[in-house]
Amino acid sequence: MIYRETGQFKATYDADQAIFPIAQDRWFVWAVMAVAFLVIPFVIDDYWAAAVFLPLLTYGLAALGLNLLTGYCGQVSLGTGAFLAVGAFSTFKLVTMFPEMNFIVVVLLSGCVTAAVGVVFGLPSGRIKGFYLAVATLAAQFFLVWLFNKVGWFFNYSPTGQITMPPVSVFGFEITGPSATPAASYLFCLTFVVVFALLAKNIVRGRIGREWMAIRDMDIAAELIGIRPLRAKLTAFAVSSFYIGVAGSLYFAVWLGAAEPTDTFGIDQSFLVLFMIIVGGLGSVLGSFLGAAFITLMPIVLKNTMVGGLGMEVVTAKHVEISLIGVLIVFILIVEPHGFARLWQIAKEKLRKWPFPY
Amino acid sequence: MSIETIFFFETVVSGLMTGVMYALVALGFVLIFKASGLVNFAQGVMALFAALALYDFISPDGWVYALFGFTFPVWAGIILTIGVMIILAWLIERLMLQHLVKQEPIILFMASIGLAFVLEGVGDILFGSDVKPLDIGIPQGAWDWAFDHGFYVEKLDLYAAAVAAVLVTVLAVFFHSTRIGRALRAVADDHQAALSVGINLRTIWVIVWSVAGVVALVAGIMWGSKSGVQFSLSLIALKALPVLILGGFTSVPGAIIGGLIIGVGETLAAVYVGPYVGGAIENWFAYMLALVFLFFRPQGLFGERIIERV
C-alpha cells in the first residue's frame with residue numbers, strides 16, 4: 001500500500017530514465033543521505049568511526065569496485081588485497097613527495113595508478129577465463145605484496161617496512177592523523193563513497209556497463225554482436241581497480257593511519273571483499289554495501305556477545321568466531337545464493353501488496 | 001662432477017620432492033573438482049585437520065591420552081583418522097553440498113572457503129593452535145647411499161615420493177577397475193547422465209570427499225613430519241592452486257606433473273634468482289610460471305579442451 005508506484009506518471013524521458021524512478025525509493029535514498037550527512041557526524045565518536053563507519057565505507061567502496069569487475073563483467077579476481085595496497089602505497093608516496101598537493105587529488109591519482117596496475121594484471125583475461133583467471137589474479141596478489149615488502153623506495157626505506165600517514169587537511173579540516181576529528185574523517189570518506197556509488201550506478205546502466213554484462217552473460221555471443229571482449233574486460237579491470245585503489249587510499253590514510261604490506265593487504269583481504277559481494281549480491285551496487293556492512297559488523301557483534309555477553313575467553317572466542325563466520329557464510333550461500341540484494345528485491349515486491357496480498 | 005653441477009642436481013632433486021608434496025595436495029583438489037565441480041579451497045585445512053586429529057590419537061600430548069590415559073599405535077591412529085575424515089566427508093555432504101547443487105562455481109568456491117573457516121576454527125578449539133611435531137616413525141636425515149656419492153637427499157622426501165607414487169597407482173587402479181571407480185568417472189563425465197543410469201550422486205560425493213580426506217591425511221602426515229603440524233599447513237592450498245591451473249583442474253597426471261614443474265621451477269628460481277632480487281620470491285614465482293604456461297594452453301597442460309558454443 002505504501003510502496004506502490006500507481007499514479008506516478010512520467011512525462012519526460014529524463015524522468016523515465018531517472019536512477020530511482022519510483023518516488024518512494026527516491027525519498028528513502030534522500031532520507032538515508034540526510035541521516036548519513038546530517039545526523040551521524042554529530043553523534044559519531046572515535047570508537048564508532050574506527051570500528052564501524054570507516055570500515056563500512058572503505059570496504060563498501062572496495063566491494064563496489066570488485067562488484068563492477070566480478071558481478072557486472074564476470075571476471076573473478078582474487079587480487080583485491082594487492083590493489084588496495086597499490087592505492088595505499090601510491091597515496092603514501094604522493095603525500096610524502098608532494099606534501100602541498102590537495103589530498104582529494106592525491107586520492108584520485110592513487111586510484112588512477114591502481115587502474116593502470118589493474119589493466120596490466122587484467123591482460124591475461126584476454127586469453128584465460130573463469131577459475132584459471134581467478135588463480136592468475138593471485139599472481140598479482142602475491143607479486144605486488146612481495147614488491148611492497150622488498151623495494152625500499154615504496155616505504156621510503158623505513159626500517160620497519162611500515163608506512164605511516166602524516167596528518168593532512170582538506171579545506172582546513174584535519175582528516176588524517178591522531179588529531180583528526182572522527183566526524184571530519186567520516187564525512188570525507190562518505191563524500192567519496194556517495195559520489196562513486198552514484199557514478200557506478202550510472203556506469204553500469206550506460207554503454208560500458210551493458211558491454212560488461214554482455215561479456216559476463218556469454219562472451220562469445222557478445223563478441224558476435226560487436227563488443228570487443230578484451231577492451232570491455234580491460235575497462236572493467238581499469239574502473240574496478242580505480243575504485244579499489246581509492247578505497248585502499250582511504251583505508252590506509254583515513255582509517256588505519258599506518259599499514260604493513262603482508263598483514264594489511266594479504267590474501268585474507270581479497271577473500272573478505274569477495275565474501276562481501278557474494279553475500280551482498282553479485283551485480284548490485286546496493287548489495288556491495290549490504291555485504292560490506294554484514295561482513296564488517298558481524299565479527300564485532302559476535303565478539304561483543306561472546307566476550308561481553310557470555311564471558312568467554314578472548315582466544316576461545318576468536319576461534320569460535322572464525323567457525324561461526326564460516327557457518328554463517330555457508331548458511332547464507334545455501335539460503336540465498338543471490339545475496340542480500342535479492343532479499344531486498346523480494347521484500348520490495350512483497351511490500352507492493354502489503355498489507356493486502358491477493 | 002664439479003661442485004656446481006652437484007649443487008644444481010641437489011637443487012633439482014629437492015625441487016622435485018617439494019613438487020611431490022604440492023602434487024599430493026593438488027590431487028585432493030582434482031578428485032573433488034572432477035566429482036562435484038567444486039574448487040575445494042578447504043583441502044589445505046583438511047590436511048591440517050587430519051594431521052591434528054592423527055597427532056591427538058597417537059601422541060602423549062593429545063587429548064586421547066589426557067582423557068583415557070593411553071595412546072593408539074600409529075597404524076590404529078591412521079585408521080581412526082581415516083574414520084574421522086569419512087565422518088567429516090559425510091557431514092560436509094549432508095550439511096553443505098547437498099544444498100548447493102547446481103550453484104555457480106564461484107558460490108561453491110566461496111562455500112568451500114567458508115568450510116575452511118569452520119574447519120580451522122573447530123580444529124583450533126578441539127586440538128589447540130600450537131606447533132606440534134608429528135612423528136610417525138618416518139626416518140629423517142640424509143640418505144646414506146646418495147650421501148656417500150656426494151649428494152644430499154632427504155630421506156623423508158624419498159618416502160614422500162614413494163608414498164605419492166603408491167597413492168597415485170592405487171587411485172588409478174581404483175578409478176579404472178572397480179565398480180565405484182567407474183561410477184566416479186561417470187559422475188565426473190556428466191552428472192545428469194550418471195543420475196539417469198542409477199548412480200547415487202550423494203553416495204559418490206561422500207566417497208570422493210572421503211578419498212580426498214585420505215589424500216589430505218597423507219599430505220598432512222608428510223608436511224607435518226617435515227615441518228611440524230601448525231596453522232601454516234593449511235596455506236599449502238595456495239601452493240596447490242598454481243599447480244592446478246598449470247596441470248589442468250581435471251587431470252590427475254596433470255596435478256602430478258604440474259606439481260613437479262612448479263616444485264623444480266620454484267626451487268631453482270629461489271636458489272639462482274632469489275638472492276638477486278631480495279629473496280622470498282617463492283610466494284609468487286609459482287603463479288607467474290603457471291601464468292606463462294597458461295598463455296600457451298589456457299586450459300592447463302592436461303585440462304580438457306574448452307569447447308565453446310553460443
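Hi everyone. An axis here is a line fitted to C-alpha atoms, for helices over the stretch in contact, and angles run from 0 to 180 degrees between N-to-C directions. Helices themselves are DSSP runs (H or I, at least four residues), numbered from the N terminus.

This is a predicted model, where local features need pLDDT of at least 70 and side-chain atom pairs count only at pLDDT 80 or more, while totals for chains, interfaces and linings use all residues. Residues are numbered from 1 along each chain as its sequence is written, and chains are lettered from A in the order in which they are written.

Let's start inside chain B. Helix α1 (residues 3-36) and helix α10 (residues 201-227) of chain B have axes that come within 9 Å and cross at roughly 170°. So α1(B) and α10(B) are roughly antiparallel (angles over 145 degrees). Residues in contact have C-beta atoms, placed from the backbone, within 7 Å. Among those meeting here are M21(B) and L24(B) from α1(B), with W205(B) and W209(B) from α10(B). This contact has 19 nonpolar, two polar and no charged residues. Nonpolar means Ala, Val, Leu, Ile, Met, Phe, Trp, Tyr, Cys and Pro; charged means Asp, Glu, Lys and Arg; the others, Gly among them, are polar.

Now, between the chains: how many residues does each give to the contact? Chain B gives 37 and chain A gives 35. On the side of chain B that touches chain A, α5(B) gives the most, with 15 residues. By class, that side of chain B has 28 nonpolar, six polar and three charged residues.

Terms used:
Two residues are in contact if their C-beta atoms, placed from the backbone, lie within 7 Å. Helices (H or I, at least four residues) and strands (E, at least two) are DSSP runs, numbered from the N terminus. Angles under 35 degrees count as roughly parallel, over 145 as roughly antiparallel, 65 to 115 as roughly perpendicular and the rest as oblique.
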